[in-house]
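The tour below moves from one selection to the next and says what is found at each stop.

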Amino acid sequence: MKKKRMIYSLVIALIIAIASFIAVIAIESIILSGYEKKEVVVAKKDILAKTSISQENINEYFEIVEVPIDMIQENSITSLEEVGEYIIKCDMQKKEQLTINKALNISSDIIGKYKEPVEVSLMVDKLSDAVAGTLCKGNRVDIVAKSEDKDGIAVVLENVYISGAYDSNGTEVYANAEISSIVFNFIIEKEDYLTFLSGVALGDVQLVKVSDID
């Protein structure tokens, strides 16, 4: 009888010891998880909304840092290689994490929505035809043409995406730049190309801004 009680006591003690060990491991895991870190992409400096980002200038605006896992924001980008051609949607502060919802992906969010996208170019005659030269990549515009033969105005294409803006010397114009844009590249559907050409042929063309970025 005493032997059975001893064995029973040993079993209970063993169970308690195992349970205590598991509890200690769990607590240790919770404590250590607070110190575990992971790499994320953060702003290297303050970044203005509508700034264009590409692999050519990514290192100017962003860097990789390690942050505690419990401080990582949802949908954070974790590698500079993940950043393709983006437009920043909102102002970002230095050390702020780059997340998917803070950037517009040109390839998937814009071009990917077209059935057969083509890129076309247009040069306006004067700055007043292009919102005083303030238009830049990421803006959307209505292309309006005024006929030289009659006092008529025709909307050629609506809500057209500007894929590039340049000054008279071919220098690309970005948001908040000190130079004015007068030459533009647009993304349109292939089926709208002839409409674009015939509309431009009508006469003076004016770009009417309808939105900053998507």
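This is a predicted model: local features need pLDDT of at least 70, side-chain atom pairs count only at pLDDT 80 or more; totals for chains, interfaces and linings use all residues.

Select Ile162 and Phe186 together: Ile162 stands opposite Phe186 in β9, in a pairing where 5 bridges join strand β8 (residues 153-166) to β9 and the two strands run antiparallel. Residues are numbered from 1 along each chain as its sequence is written, and side-chain values use heavy atoms, with hydrogens and water left out.

Is β9 enclosed or open to the outside? Because 6 of its 7 residues are buried, β9 is largely enclosed by the rest of the structure; buried means under 20% relative accessible area, exposed means over 50%, and partly exposed lies in between, with a 1.4 Å probe and protein chains only.

Next, show the rings of Phe184, Phe186 and Phe196, which ring pairs link into a cluster. Rings of Phe, Tyr and Trp (its six-membered ring) pair if their centres lie within 6.5 Å, and planes under 30 degrees apart count as stacked, over 60 as edge-to-face and the rest as tilted. By this rule the count comes to 2 aromatic pairs. One of them, formed by Phe184 and Phe186, is stacked, with 6.3 Å centre to centre and 25° between the planes. Phe184 and Phe186 are both buried.

Now turn to Val67, which has its place in strand β3 and is buried, with a relative accessible area of 13%. Leaving aside residues up to four places away in sequence, Val67 touches Glu36, Lys37, Lys38, Val40, Ile72 and Gln97, a contact being heavy atoms within 4.5 Å.

A polar atom of the Asn57 side chain lies 2.8 Å from the backbone nitrogen of Ser54.

The next stops are charged pairs. How many salt bridges does a search of the whole structure find? The search finds 6, a salt bridge being a side-chain nitrogen of Lys or Arg within 4 Å of a carboxyl oxygen of Asp or Glu.

Begin with Lys45 and Glu60, whose closest N and O atoms are 3.4 Å apart. This pair links distant parts of the chain, with Lys45 in the loop between β1 (37-43) and β2 (52-53) and Glu60 in helix α2 (residues 58-61), 15 residues apart. Lys45 is partly exposed, at a relative accessible area of 33%, and Glu60 is also partly exposed, at 42%.

Then select Glu63 and Lys95, whose side chains meet in a salt bridge of 2.8 Å, N to O. Glu63 lies in strand β3 (residues 62-68) and Lys95 in the loop between β4 (86-88) and β5 (103-105), so the pair ties together parts that are 32 residues apart in sequence. Glu63 counts as partly exposed at 22% relative accessibility, and Lys95 is partly exposed at 48%.

Finally, select Lys115 and Glu191, a salt bridge in which the closest N and O atoms are 3.9 Å apart. Lys115 sits in the loop between α3 (106-110) and β6 (117-123), while Glu191 sits in the loop between β9 (183-189) and α4 (193-200), 76 residues apart. Lys115 is exposed, with a relative accessible area of 64%, and Glu191 counts as exposed at 59%.

To finish, zoom out to the whole protein, which has 4 helices and 10 strands, and in which buried residues make up 37% of the 214 residues.

Note on methods. Two strands pair if DSSP finds at least two bridges between them. A polar contact is a pair of N or O atoms within 3.5 Å; within protein, one must be able to donate a hydrogen and the other to accept it, and residues adjacent in sequence count only if both atoms are side-chain atoms.
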